[in-house]
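Reader: I'd like to learn how to read charged side chains in a model. Could you walk me through it?

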Amino acid sequence: MIVTTSAHALLQVFADNGLDRVFLVPGESYLGVLDALSDFPHIDVVTCRHEAGASFMACADGRLTKRPGVVMVSRGPGATNASIGVHNAQQDAIPLILVIGQIPKADLRKEAFQEIDYQRMYGSIAKWVVEVTDPSKLAEAAFKAIRIATSGTPGPVVLVVPEDIQQQTVPQPHWTVSPQAATVPSPGALEQVVDLLRAAERPLIIAGGALDSDRGRNALRRLAEAAHVPVAVSFRQHDIFPNTHPLFVGDLGLVNPREQIAAFDRSDLILAIGTRLGDITTQGYAFPSLPKPRQPLVHVYPDDHIVGLHVSADVGVVCDPALFAEALADRVERALVDTPVETRAGRQAWADTLHAMHADIARWPSIAVEDGVPFASVVERLAAIAPPNLAVCLDAGTFAAPVYRHFSFVYPQRLMAPLSGAMGYGTPAAVATKLRHPERPVVCMVGDGGFLMTGNEMIAAVERALPIVFILSNNNCYGSIRVHQDKTYPGRHVGTTLSNPNFVAIARAFGIQAERVDAADQIDGALDRAFHAQAPYFIEVRTSLDAILPRASQPAVQARSGN
């Protein structure tokens, strides 16, 4: 007979709310919860090799499901290793629950072995940190954690469970979180926006991650087409609007050309829908400018803390962005039907100009180098054969830049990339994505630096027979930092050169088919073999460092040019 404990009550709340997978590194401080998991066979337990990998997997799962990703770790070292996932969830607005086993409650605040005060540790990045000391309150805390993680701006919650409050017999509640009724835009606010649109000749939509749903994507496209407004997506949200659409004008990221931002700034109305207008999307809070933009600004987000936080909006709307886009499209379709021909022509010319500028920026480059394969060539060949439902999971690094700039995402293709810029995200995210969507082809792109942080998590792809294509860019360098070094301190490269192992041998030791690409004419064959493998497949690409460095810093380029 199963003895139902406080740990069972915790897991029952998770199960009743659709949390059907946990990512963990086991630890003695939460043995009670581990034991209770044996009685929940419908909760998939993914055993990871490092807490950073586990927390990244949970972040990816939370992004895909819109339910909290769950990661479980032990106290002290486990909790500190997992902190990168908490930061990532906060930066990326992803629902996450981190469960930490804690020292016995009698020893709390006595500086015991591996004790950390998690309120002080996580207080600035988690939405809520709770340390439960009463077994009867554990289910209640789990229930509240789900509500907080998914409300307003989604984010991380930390649930701390002392090791001696997990085994007591307590009632087993069956509580399910009722979705809060979505706030709808007021008729007055909608009329204000319609009036602004009617007067605008050069409107621009900045679309953000709160539109990351089927309803949000459909509403955004309908609004853009009804009002004939070009769409720029916020930082690393490429897949919320089809990149091949004539109204798509690019993303607001890390390296936008100055002339593109200047063109965006010539807009006479900005509709910021579903975006937090963070520092990267706003190009360092320069577009729209602080504190009052030069053009009218409409800011729509489901969190009143965000709307107007940095930039004063002429119309600030705290509501579901998808509902706003739908309601505004309804009114626009009626109100703008009699728009003068010259206004329509002006809008068309404005959209065409911005789209053509984006198309020029996104054109595949031709790069001549002698020190390896330009990784852009790999991305270009992948884009040419990309399945319509491909998920691209990116780690952080300069190797990813060609994906952001040149790969045209059209949903259901997905871009899974860390807004936090955290290295080590790619491999765990690919595993979590394939587990959640086994029908999707999944490609992981990772640099040599990021792979040696969490690449060990690819053992899960072997254990679960997940046909993930891992593509590693090896230039023996922390390339992103080298680029910054060469811009700021040319020729001085302390700390960024890497001595790497034989990555193909490592992959094969894991039980993964693997090969190395040393020349551009080998790319197509390698990709073809990878996508037909029906098993994990690993491709190491010996990539060019010259291709990513500032042009004046490239010795090979200088030699070829005679400088």
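This is a predicted model: local features need pLDDT of at least 70, side-chain atom pairs count only at pLDDT 80 or more; totals for chains, interfaces and linings use all residues.

Reader: What does the side chain of Arg 381 meet in a salt bridge?

Author: The general idea first: side chains of opposite charge can pair when their charged atoms come close. Here Arg 381 and Asp 524 form a salt bridge, with N to O at 2.8 Å. The two partners sit in distant parts of the chain, 143 residues apart: Arg 381 belongs to helix H12 and Asp 524 to helix H19. Asp 524 is partly exposed too, with a relative accessible area of 40%.

Reader: How many salt bridges are there?

Author: The count comes to 29. Another one joins Glu 333 to Arg 222 at 3.0 Å, N to O. This pair links helix H10 with helix H8, 111 residues apart.

Reader: Which residues are linked in a network of salt bridges?

Author: Lys 66, Asp 212, Arg 217, Asp 239 and Arg 414 are linked in this way.

Reader: And which side chain of opposite charge is nearest to Asp 303?

Author: That is Lys 127, 6.1 Å away. A salt bridge needs the nitrogen and oxygen within 4 Å, and Asp 303, which is buried, has none. Instead, look at the backbone: the side chain of Asp 303 reaches the nitrogen of His 305 at 2.9 Å. Asp 303 lies in the loop between strands S11 and S12, and its contacts beyond four places in sequence are Gly 152, Thr 153 and Val 318.

Definitions and conventions: Residues are numbered from 1 along each chain as its sequence is written. Side-chain values use heavy atoms; hydrogens and water are left out. Helices (H or I, at least four residues) and strands (E, at least two) are DSSP runs, numbered from the N terminus. Buried means under 20% relative accessible area, exposed over 50%, partly exposed in between (1.4 Å probe, protein chains only). Lys and Arg count as positive and Asp and Glu as negative; His and the chain ends are not counted. A polar contact is a pair of N or O atoms within 3.5 Å; within protein, one must be able to donate a hydrogen and the other to accept it, and residues adjacent in sequence count only if both atoms are side-chain atoms. Contact means heavy atoms within 4.5 Å.
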